[in-house]
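Today I am opening my notebook on a new model. I want to look up its salt bridges, its cores and one of its pockets, and jot down what turns up.

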Amino acid sequence: MAAPVCVPVPETWQMRERRPAAPLRPYISSYTGYRMEASPRSTHHGVASPHLTFLLCLDGKVEILANADRSKPPGAFVAMVGGLHDGPAEIAQGEPQTGLQLRLTWRGARMLLGVPAGELAGDVVDLDALLGRRSGMLLDRLATAPGWPERFALLDAELAALAARGRGAAGVAPEVGYTWDRLEETGGNLRIAELAREVGWSRRHLAEKFRAETGLAPKAAARVIRFEGACDRLRGPHRPPLARVAADAGYVDQAHLSRDFRGLAGITATAWLAERRPD
């Protein structure tokens, strides 16, 4: 059988996006409902991101061909959470599928799933292993909801209930949260040595604590935060030139951004754009 290849996103994709209810936004940045009709088999590249990927399939499955951490086994999932990573994953595409994708923050991993994001780094975990029977019940209720607005409202209610049962910030060093927030505020453009001085830790101690909680070292987190900022600019309806995107996101030049596409997405910016619709 021929290996899957990257092809442009099919015109049969349908997508609906909404922000979660305000109390959930520290834990989830967005909801995306999608419907993909059958198309020629291809490979979708799961790029490095400062968000964990929380996927719920209402029909079909997500087939992971290769995890970002290649030591982790591939698999097929109806409901899954993918941890933070600083390399690309590979996902099969072509089978019809309807589902919801949530952009989960590292804080959301503790609050909603009961584990630090560091325990999920570079891997994809079946949601049943984290939520037990609650996972199947959530899927059933989402599948029988009449439309996307009702599904988004159901997510708000169910995730708020999970958050009420969660551990919250218990166990998280304030220095870790401060470091992440400062990186986000600056779009990933802040020297780690400066951050270490601000929190009063050595760079090594900061890296150890930060990685254990989030799954990424501070320098890698800065890199993926900056990269996601560039990707968000490219996905917009009025796509600016790549050189302008690189400058606005804090890259040295366009070549610097192009290197990050190869390292964090596994493909060129042009190929990455072909896999996706503009927002």
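This is a predicted model: local features need pLDDT of at least 70, side-chain atom pairs count only at pLDDT 80 or more; totals for chains, interfaces and linings use all residues.

**Entry 1: salt bridges**

I started with Asp232, which counts as partly exposed at 33% relative accessibility (buried is under 20% relative accessible area, exposed is over 50%, and partly exposed is in between, with a 1.4 Å probe and protein chains only). Residues are numbered from 1 along each chain as its sequence is written, and side-chain values use heavy atoms, with hydrogens and water left out.

Which residue does Asp232 form a salt bridge with? I found Arg103, with the closest N and O atoms 4.0 Å apart. My criterion for a salt bridge is a side-chain nitrogen of Lys or Arg within 4 Å of a carboxyl oxygen of Asp or Glu. Asp232 lies in helix α8 and Arg103 in strand β9 (residues 97-104), so the pair ties together parts that are 129 residues apart in sequence. For helices (H or I, at least four residues) and strands (E, at least two) I use DSSP runs, numbered from the N terminus.

Next came Glu158 and Arg141, a salt bridge whose closest N and O atoms are 2.4 Å apart. Is Glu158 buried or exposed? Glu158 counts as buried at 16% relative accessibility, while Arg141 is partly exposed at 44%. I also noted a network in which salt bridges with shared partners join Arg103, Glu228, Asp232 and Arg235.

One more pair went on my list: Glu37 and Arg35 meet through their side chains at 3.4 Å, N to O. Glu37 is partly exposed, with a relative accessible area of 30%. My search of the whole structure finds 16 salt bridges.

**Entry 2: cores**

I then turned to nonpolar cores, meaning sets of buried Ala, Val, Leu, Ile, Met, Phe, Trp, Tyr and Cys residues joined through side-chain atoms within 4.5 Å. The largest has 72 residues, of which Leu56, Leu112 and Leu113 touch the most other members. Helix α8 gives the most to this core, with nine residues. A second, separate core of 11 residues includes Trp13, Met36, Leu55 and Ile91.

I checked what Leu112 is in contact with (heavy atoms within 4.5 Å). Leaving aside neighbours within four places in sequence, its partners include Tyr27, Leu131 and Leu162.

**Entry 3: two single residues**

Ser135 sits in helix α3 and is buried, with a relative accessible area of 0%. With neighbours within four places in sequence set aside, Ser135 is in contact with Ala79, Leu127 and Asp128.

Pro23 is in the loop between β1 (14-18) and β2 (28-36), and is exposed at 65% relative accessible area.

**Entry 4: lining of the second largest pocket**

Last, I asked which helix supplies the largest share of the lining of the second largest pocket. It is α8, with four residues. Helices α6 (192-199), α8 (218-235) and α10 (254-265) each supply at least two lining residues.
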